[in-house]
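Hi,

Here is the structure I promised to pass on to you. Have a look at it first, and then read on for what turned up.

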Amino acid sequence: MKLYVPPFRVRLEDWSGWTNNAWSKIRSVVGRSFRIPGQHESIYTMAANAVLQLVLDYDIDPARVGMLALGTESSTDNSAGAVIVKGMVDRALLELGRPPLSRNCEVPEFKHACLGGVYGLKSAVRYLASDGAGRQAIVVCGDIAEYERGSTGEQTQGAGTVAMLVEEDPALFALNLTQAGSASDYRGPDFRKPFRRYASAPADQNSGKLHDYPMFSGRYSLVCYIDETLRAVDDMLTRLRVTPRAFFHQIDGAFLHRPYHQMPVTAMAALYAWGLSKSEAHLGELRQLCEQSGADYDKVLTEMRSQPRLFDAILNKTFDGEVYPESMKAVRFFRSTPKFEEVVTRKMSLGSERMMDLGNLYTASLPAWVAAGLEEGAERELDLGGKRFVFVGYGSGDAAEAIPIQVMPRWKAAAEKIGFRRALEKAIDLNQKQYEALHDGKEAPGLLYRPSGEFVIDRVGSRHESDFQDLGIEYYRYVP
C-alpha cells in the first residue's frame with residue numbers, strides 16, 4: 001500500500017480560530033488537520049503519484065499488472081478515468097528508464113460515493129481469481145473532499161489517494177470474499193453530486209474552478225451510514241455463521257469508513273448494541289443498558305428488529321432527524337461506559353491517532369486507516385501475523401460492504417514500506433488567506449512551492465476546431 005496527500009495542510013486549531021468554532025469539540029469529533037490540493041493538482045495527478053510510488057518502492061514488475069482500477073467520486077472527466085492515471089505513470093516510468101505498465105491492462109473506474117475503492121478492490125480480487133490468474137492488479141482510490149466555506153461540513157474536508165497492489169499471494173493481508181457481507185438501498189438526498197448543481201453554483205469568475213460541493217443532509221446521512229453498516233455486517237455474520245457477540249470477541253480489530261473521527265466510533269457502538277438484540281442469551285445485557293440509559297427496552301427491541309425504509313420518511317416528509325430514537329439513546333450511553341472502552345475502542349485504536357491528521361479522503365478513508373494501522377503495528381513491533389480484522393466500507397446513496405481480512409505472516413516487511421508517516425511529514429501549513437485562496441481555486445498569496453517527484457497539471461487544452469478539439473482536457477507532466 002502507498003499513501004499520497006498534498007503538502008498543503010490546514011490545522012483545525014487554526015481553522016477553529018478563523019471561524020469561531022470550539023477547538024476542543026472540533027478535535028474530539030473531527031481530528032487535527034486536513035489537506036487541500038494545490039492548483040497544480042487533480043484527482044488524477046494524486047492517483048498517479050500513489051501508483052508510481054507503489055511501483056517503485058515495492059519494485060513491482062509493470063508487465064505483470066493486468067488491471068489498474070480507479071475508485072473515486074472526484075472524477076472531472078465523464079469519459080476517461082483510470083487510463084488517465086495509467087498514461088501518466090507509463091510516461092514517468094519511461095522517463096525513469098523503466099518499462100511501462102502492461103499494454104494488456106484493464107483500466108476500469110468505480111464510482112459509488114466513498115465505496116468505489118472497496119468495489120474496485122473486490123473486482124481486483126475477482127479478476128485474479130478468474131481471467132487474471134497469475135497476474136497482479138493495482139487499485140488506487142482517492143478523492144478531493146471539499147465543502148463550502150461556512151458550511152457544517154467545512155471542517156471535514158481532505159484530499160489524498162491510496163494505491164494497493166493486489167496479488168494471489170498477498171504480503172499484507174488477505175480478503176475472504178466468500179464471507180463478505182453486502183447491503184444497498186436507495187436513499188434519495190442522503191449525499192449527492194447532481195450535475196445540475198453547477199447551474200446554481202457556477203465556476204469562480206476569477207479562477208474558473210468548478211466547485212465539487214456535495215448536496216448533503218447531515219442528520220439523515222448519519223442515520224443512513226449506521227443503518228446500512230448494520231445491514232452489511234448482518235449479512236457477513238450470516239455467512240460466517242457466528243453471533244455478533246461472538247464475532248466481537250473473535251476479531252482483533254476493526255476498520256470502518258471514516259469521514260471524520262467520531263463517525264466510525266458511533267457506528268461500532270451501534271453494531272455492538274444491535275448485536276445484543278440478536279441473541280436471547282444477551283437480551284439481559286441489552287435490558288440493563290436500557291435501564292442505565294433511560295431508554296425504553298421494549299421500544300429498543302422493536303426498533304432493532306425493524307427494517308425501516310428511510311427514503312419513505314423523506315418522501316412522506318415524516319423524517320424528524322432520528323429513526324432509532326430509543327436505540328440511539330442506549331448507544332450514546334454505552335459510549336460513556338468502561339465496557340465500551342474495553343470491548344470496542346481498543347479494537348479501533350490501531351492507526352486511529354494518525355488518521356486525526358488526514359482529514360476526509362472519501363473513497364480512500366478506509367484503506368488509509370488500514371495503511372496507518374499496519375504501519376503503526378510494524379513500528380511498535382506488534383505480533384499481527386494471523387490476526388483477524390473486519391473491513392467495513394460505506395458509500396452514501398446508499399451501500400456498504402463488510403469483509404473479513406487476515407494479516408499475513410510476512411506482513412511486517414511490506415508494512416514498513418507503506419510510508420504513511422513519511423507522506424504526512426511534507427506539510428506546509430496555510431494561513432487563513434492562503435487556505436481561502438486555494439479553496440476558491442485562486443493563487444495563494446505568499447505561498448512558494450516547487451513540485452518535485454510528482455505529477456502536475458502542465459496545461460489545459462483550449463482548442464475547439466473542426467479537425468481537433470481538446471477544450472478543457474488536462475495535460476500532465478512528471479517533475480523528477
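The buried residues of helix H19 are covered by parts of the structure that include S2, H1, S3 and S15. H19 spans residues 432-439, and please keep in mind that everything here comes from a predicted model. The residues of H19 that are buried are Gln434, Tyr435, Ala437, Leu438 and His439. At the N-terminal end, H19 is capped by Asn431, which has a side-chain oxygen 3.2 Å from the backbone nitrogen of Lys433. Just past the other end of the helix, Gly441 has a positive phi of about 85°.

Between S2 (residues 8-11) and S3 the pairing is antiparallel, over three bridges.

Which residues touch the most other members of the largest nonpolar core? They are Leu374 and Phe420, in a core of 137 residues. Helix H7 (residues 218-240) gives this core its largest share, twelve residues. Leaving aside residues up to four places away in sequence, Leu374 touches Leu172, Phe173, Leu384, Val407, Trp411, Ala415 and Ile418. Another core, of 14 residues, lies apart from the largest one, and its members include Phe8, Ile26, Ile36 and Ala444. As background, nonpolar side chains in soluble globular proteins tend to be buried together.

Last comes helix H16, residues 365-379. Its 15 residues reach 21 Å from the first C-alpha to the last, close to the 21 Å expected at 1.5 Å a residue. Why can H16 be called largely enclosed by the rest of the structure? Because 14 of its 15 residues are buried, where buried means under 20% relative accessible area. Just after H16, Glu381 takes a positive phi of about 55°.

Happy browsing, and do write back with any questions.

Best wishes

Notes:
Residues are numbered from 1 along each chain as its sequence is written. This is a predicted model: local features need pLDDT of at least 70, side-chain atom pairs count only at pLDDT 80 or more; totals for chains, interfaces and linings use all residues. Side-chain values use heavy atoms; hydrogens and water are left out. Helices (H or I, at least four residues) and strands (E, at least two) are DSSP runs, numbered from the N terminus. The expected span of a helix is 1.5 Å times one less than its number of residues. Buried means under 20% relative accessible area, exposed over 50%, partly exposed in between (1.4 Å probe, protein chains only). Two strands pair if DSSP finds at least two bridges between them. A nonpolar core is a set of buried Ala, Val, Leu, Ile, Met, Phe, Trp, Tyr and Cys residues joined through side-chain atoms within 4.5 Å. Contact means heavy atoms within 4.5 Å. A polar contact is a pair of N or O atoms within 3.5 Å; within protein, one must be able to donate a hydrogen and the other to accept it, and residues adjacent in sequence count only if both atoms are side-chain atoms.
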